[in-house]
Amino acid sequence: MDEKKIKLEAKNVNFYYDDFHALKGINMQIEQNSVVAFIGPSGCGKSTFLRLFNRMNDLIDGTHLTGECLLDGRDIYDKRVHVDELRKNVGMVFQKPNPFPKTIFENVAYGLRVNGVKDEKYIKQRVEESLQSAALWEEVKDKLKKSAFELSGGQQQRLCIARAMAISPSVLLMDEPASALDPISTAKIEELIHELKKDYTIVIVTHNMQQAARVSDKTGFFLLGELIEYDQTKKIFLNPEKESTQNYITGRFG
Amino acid sequence: MKRFLEKLVEGILMISGSLTSVAILLIIIFLFKEGIGLFNSPEVEKGYVLSVSQANPVNSLSPLEVKDIFDGEITNWKQVGGTDEEIMIFRFDDIFNYYPEEEMGENYEFLPDKLSSVVQEHATIIAFLPEKYLSVSFQGKLLDKKNISPLDFFFGKEWFPTSAPVAQYGVLPLILGTLWVSLGAILIALPFGLAVAIYLAEIADVRMRKVLKPVIELLAGIPSVVYGFFGLVVIVPFLQSLFRLPVGETALAGSVVLAIMALPTIITVAEDAIRTTPRIMKEASLGLGANHWQTIYRVILPYARSGILAAVVLGIGRAIGETMAVLMVTGNAAIIPATLLEPVRTIPATIAAELGEAPAGGAHYQSLFMLGCVLFVITLVLSVAVEIISGKRSSRGV
Ligand SMILES: Nc1ncnc2c1ncn2[C@@H]1O[C@H](COP(=O)(O)OP(=O)(O)OP(=O)(O)O)[C@@H](O)[C@H]1O
Ligand SMILES: [Mg+2]
């Protein structure tokens, strides 16, 4: 029995922005400690789907969801679920680096502080660990008291990853984390994803086919709010079932 | 043709821009020119002199000393650096107590001599006399003629601009009155204003906002006399009974009225500032498991800090300059208040109340312009300070 544990699952998910039907009947299972990539043309609903798993879409007025989103087999939209608790467990890295206008140290410590951690020694230790696993420690260890805005875009994005990891979530959602970065920073982040796989379940949205092929175990192809194909990454890129998938990855549209 | 029109519009815009600047500059120059004139005016009323006996060692007196002498609060020369003798006050019309009117001559031609001898004969006299009745051979000693000094103006504690022989132009009570009332107003308005701004920007749903916003904007449009009425009829009696005061017209009443008046400004500007917090900042915070309140005070408020500061300054600006409502509810006593529960008088209220009765070009008139300058400088300092603070913040991002 080498069937892996299912970490995230979507069951017949439909999602609406007011009247606009953004996600149409999506079913997906994501295994624990795997990396899953979402690809698809702009506006097909990748971000919308990703943001369902930490309930970020709750912030938008007039949205509506049917179907089920499960984390460890439990419905995260159940009334008994505390959104804050859920988000502690499901970290998110956004497309644009969005550090707080605070010091580098306080950025990483933020999640701990809002979750009531008072032990400064522990906070210091977690900040260092997180910055280390985000491969940023060496670059910032001498300027932790400096504003996060003084970092480069790539460093800021790694800071945001460190910030997300500081509270030890089990899932990391990444929405085009490398889209604004140069090739070197991108390579660093991809390397990081490989590392993080040991401890996290990672879902990453990307427009970069090579990136999806390099980092992910499984890939999902979205088109106009539907999940067209979801399979092993190798299979998707070498021998997809659907013609539209084939067309997309070979760059014939989108 | 099109290019010509563009040029024309550009020209008109430029001209109106520079005209506005020039107008503002002219107003400021005018204000200061009139105001500075105060320090070239003599302390003693124009056309009059103060004189003592030749034997008296005292050569000059400060405005406050003169006032206290004529008010009977200083009664001995010892108190002002002279010998230990009682002061004898002599006003011009007192001359008829010494010499009957018949002796003055047909056209009062002997009056100067009589005045001279009165001053000569009384060693402890201080006489307040019209300059035109001084004879060439006047036997008294004239006290030093000084101009009104800036020191007495800015640090003087007495504001009696119409008292004779020497008017008192100490603006400290007025400056302090203004600051007290404004500070009180901000202390009241800031927490309320900020709370409402947070509510409107972050918590209220769309329907609630649609009702509240216009109401608050309406509040900004009410004329200040109406606020004054409200203060006089509602707040003043309320404070009076609440604190069991002899009079309800106090600095606090002014603060409360001003706070209500400043609220719409503070709310609107602060709400805008809060709204400018980028959504990705909020999402970053919520995404880390922070709840809504933590996000508000840890991310949104710090982010909106300079905007909130601007709101406060605009609020204070309104409070400091506000005239009518304050005039109506603060009791207008030009004394330095020990607590907010005493009557005070603010700079604008003083200007408004006294300008009508001050003879144009006189020292009193000039002192009111100088008060205007003081007010101008206070607001200038405030806005520059804010500019510096908010500029620093936004460039450092911390
Ligand atoms: N806040 C919103 N309100 C209304 N419609 C929205 C909102 N956000 C997204 N949409 C719509 O939902 C659809 C899916 O958007 P989504 O952001 O999920 O696309 P995406 O696949 O992430 O695109 P991209 O690759 O450009 O990021 C789009 O058609 C978009 O217009
Ligand atoms: Mg997207």
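Which helix of chain B gives the most to the nonpolar patch? It's helix α8 (residues 224-243), with six residues. This is a predicted model, where local features need pLDDT of at least 70 and side-chain atom pairs count only at pLDDT 80 or more, while totals for chains, interfaces and linings use all residues. Residues are numbered from 1 along each chain as its sequence is written, and side-chain values use heavy atoms, leaving out hydrogens and water.

**Where the chains meet**
- On the chain A side, 25 residues are in contact (heavy atoms within 4.5 Å) with 20 residues of chain B.
- About 2000 Å² is buried between chain A and chain B, and carbon and sulfur atoms give 64% of that; buried area is the accessible area (1.4 Å probe) that two parts lose on being put together, summed over both.
- Within chain A, the residues losing the most area to chain B are Pro101(A), Tyr110(A) and Val114(A), together 26% of what that side buries.

**Pairs across the interface**
- The rule finds one salt bridge here, meaning a side-chain nitrogen of Lys or Arg within 4 Å of a carboxyl oxygen of Asp or Glu.
- Arg51(A) pairs up with Glu283(B) in a salt bridge, and their closest N and O atoms are 2.9 Å apart.

**The patch on chain B**
- Val225(B), Phe229(B), Phe230(B), Leu232(B), Val233(B), Val234(B) and Met324(B) make a nonpolar surface patch of about 580 Å².
- Such a patch takes residues with over 30% relative accessible area and no salt bridge, with nonpolar side chains (Val, Leu, Ile, Met, Phe, Trp, Tyr) joined within 5 Å; the areas come from the Shrake-Rupley method with a 1.4 Å probe.
- Val233(B) sits in helix α8 of chain B, helices being DSSP runs (H or I) of at least four residues, numbered from the N terminus.

Definitions and conventions. Chains are lettered from A and ligands numbered from 1 in the order in which they are written. Patches are made of residues with over 30% relative accessible area and no salt bridge: like charges are joined within 9 Å, nonpolar side chains (Val, Leu, Ile, Met, Phe, Trp, Tyr) within 5 Å. Helices (H or I, at least four residues) and strands (E, at least two) are DSSP runs, numbered from the N terminus.
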